[in-house]
Amino acid sequence: MTQAFWKNIYRTIKKSFGRYMAIFAIIALGVGFFAGLKMSKPDMMQTARTYLTETKFSDFRLLSTWGFSSDEVEALQDLPEAASAEGAISCDFLYVNENGEEDVLKAHSITTQSNLLVLSTGRLPENDTECVLDMAFFDEDMIGSSIQIAADNTDDTKQMFAHGSYTVTGLVRSPLYLNRERGVTTLGSGKVKAFVFLPLDSFSSDYFTEVDLLASGEQFSAFTRDYDEKVTVIEDSLKKDLEEIVHVRYQKEVDRANDLMVAEQQAAAQQALAAISPPTTYVLGRDKNVGYASYENDVDIVDSIAKVFPVFFFLIAALVCSTTMTRMVDDEHTQIGTLRAMGYSKNAIFAKYIIYSASAAGLGAVSGFFLGIRIFPKTIWTAYGSLYGFTDLLLVTDYLLLFLSLLAAFLCSAGMAYFACRMELSHSPAHLIRPKSPPAGKRIFLERLPFLWSRMKFIHKVSARNIFRFKKRMFMMIVGIAGCMALVLTGMGIRDSVSDVVNTQYSKIFQYDIAAAFSDTVTTDLLSEIDREFSSEIKNRSVLMETGGELSVNEGGNKSVTLLIDRDEEISHCVDLHYKGQTITPPDFGEVVLDSRLAATGNFKIGDSIVLNI
């Protein structure tokens, strides 16, 4: 191509810079949405993987109803499946908060081989009278204050701690808690407010309550199929090894009781044997951690959105490019004929308009890609910060995605430019040089309906002709308006759905006005006293036990649930159980009623059995 030809392209761009920027802008917007949403999942996954690797998040959490001795922890450390095994202690307890009220904290011992803490502010404990708190629920003002073990704790709970109070030295994050869910408990309101970490010496216990284990062998990234396959294989053998190790201590206790079987000690031996129950062991993988399982599910939701929204913007981009290039070719109809008469080939003419549109699209795609992969993931991460926000987002660049974005941009722009030129270049140069005759007038369908057409105003007739004669513009307008309206209706629908949840929950389902919680067992005498004193104010009442628990939902891990237990179907007095307009009968002994969303999550059906950890 000659220098004059390139100069002509430059002048065309300068002359029609508005059209050039229109292609640039729409392609940048489409690619920005596409790349930004598509990269949100890889960014969020990489962020979590890096965080879990740096903090050495344990692969397995081992539990036993007998706890673990130091010898058992050492035996677990020597297993071929274990890269490291570290004993830890955890327990729920009531503490007195800054308002003088009792609330629930979960205490953990600080580990050094796995589940490492990330210090946010302050410092880590240096002796057994110090602790660090959950940064998600406490602020810096707590540093220097004390966490007081409440007097209302049971004796067993009090004996778990070496001291009655601990000084706060800092705020931390823990990989055990990726989201803001802190678990359930049988204490207080049934929910754990936050966590607290203490040195191991701060506990006064002969046994560890759990063992955190890192798997040996080749290390795979979290949230990958390779990792899931690896831990599945290890888990089966780990269960057997764990049972064998714990059974040794059980057998020793049985042998000790049998040794007492002589004259006067037989009764004591029989009582000892009856009191000894075999230990039950549990091997919990990462998928049983609420934060870990929820994180993967929530990231998949973002990825699902990325499969839908960009299609709409790319469709609009194709329509804009088509309209822009068609108008441009029509405006330069005579110039195209002149270039053909001067000896320029059809390919050269094609090249001019393809270079014009492709250069705008290429610049727009590159700009939109690098802006999109930074703006959209950060925006989504900020929105998810109320649930997660355990660290800063790590941005990654997928150059294959950049190539696909450029390819899609070139197809939208250069492809439309080719189709716009093809029809014009089918004519001879002589035909092209002559001014293009206006399109022949055509009657639209409405004109064949005199009773309607004659009553329309002139401006309405012009609008109707433009709509039906220029079908491409009409289609672009319909798609654009329909897409925008769909987004508006979606937003309004989500708002209306969410805003009415509370009203529905506390007017149609929970129909009580007051809920009273008791620290001690509610006796018949107490109920009689309440009825006598408040009989005129109480219409209905239900006596319930409310506690927290975890429901096993197969591959979805564990879900935190609130368990309501009634007596004599009293729950129906104040709680309306219904599904799709039909009233649900309160469950009998051994039965349970699940809410529909929880049932759908675990794929539970009527007649299925469930496992609740309370």
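This is a predicted model: local features need pLDDT of at least 70, side-chain atom pairs count only at pLDDT 80 or more; totals for chains, interfaces and linings use all residues.
Reader: What volume does the largest cavity have?
Author: About 60 Å³.

Reader: Which residues line the largest cavity?
Author: The lining is made by Ala88, Ile89, Ser90, His108, Ser109, Thr111, Asn115, Leu176, Phe197, Glu210 and Asp212.

Reader: And which elements give two or more residues to that lining?
Author: Strand 4 (102-109) and strand 10 (208-215) do.

Reader: How do the lining residues of the largest cavity divide by class?
Author: Five are polar, four nonpolar and two charged.

Reader: Open space now. How much space lies in the second largest pocket?
Author: About 1500 Å³.

Reader: How many residues line the second largest pocket, and which lie nearest its centre?
Author: The lining has 48 residues. Nearest the centre are Arg61, Leu63, Ser90, Lys106 and Glu550. Ser90 also lines the largest cavity.

Reader: Which elements give two or more residues to the lining of the second largest pocket?
Author: On the strand side, these are strand 1 (60-68), strand 3 (90-96), strand 4, strand 10, strand 11 (281-285) and strand 12 (544-552). Helix 7 is also on the list.

Reader: Which element gives the most to the lining of that pocket?
Author: Strand 1, with five residues.

Reader: Is Asp303 buried or exposed?
Author: Buried, and Asp303 has no salt bridge.

Reader: Which side chain of opposite charge is nearest to Asp303?
Author: Lys41, at 4.1 Å. A salt bridge needs the nitrogen within 4 Å of a carboxyl oxygen.

Reader: What does Asp303 touch, not counting residues up to four places away in sequence?
Author: Asp303 touches Lys38 and Lys41.

Reader: Next aspartate. Where is Asp236 found?
Author: Asp236 is in helix 5, residues 225-259.

Reader: Why does Asp236 count as partly exposed?
Author: Because its relative accessibility is 48%. Exposed would take over 50%, and buried under 20%.

Reader: How far apart are Asp236 and Val283 in sequence and in space?
Author: They are 47 residues apart in sequence. In space, the C-alpha to C-alpha distance between Asp236 and Val283 is 9.2 Å.

Terms used. Residues are numbered from 1 along each chain as its sequence is written. Side-chain values use heavy atoms; hydrogens and water are left out. On a 1 Å grid over the protein atoms alone, a cavity is a set of points where a 1.4 Å probe fits but cannot get out, and a pocket is an open set with protein on both sides within 12 Å along at least five of seven lines; lining residues have an atom within 4 Å of a point. Grid points are joined across faces, edges and corners, and a volume is the space filled by probe spheres set on the points. Helices (H or I, at least four residues) and strands (E, at least two) are DSSP runs, numbered from the N terminus. Ala, Val, Leu, Ile, Met, Phe, Trp, Tyr, Cys and Pro count as nonpolar, Asp, Glu, Lys and Arg as charged, and the others, Gly among them, as polar. Buried means under 20% relative accessible area, exposed over 50%, partly exposed in between (1.4 Å probe, protein chains only). Lys and Arg count as positive and Asp and Glu as negative; His and the chain ends are not counted. Contact means heavy atoms within 4.5 Å.
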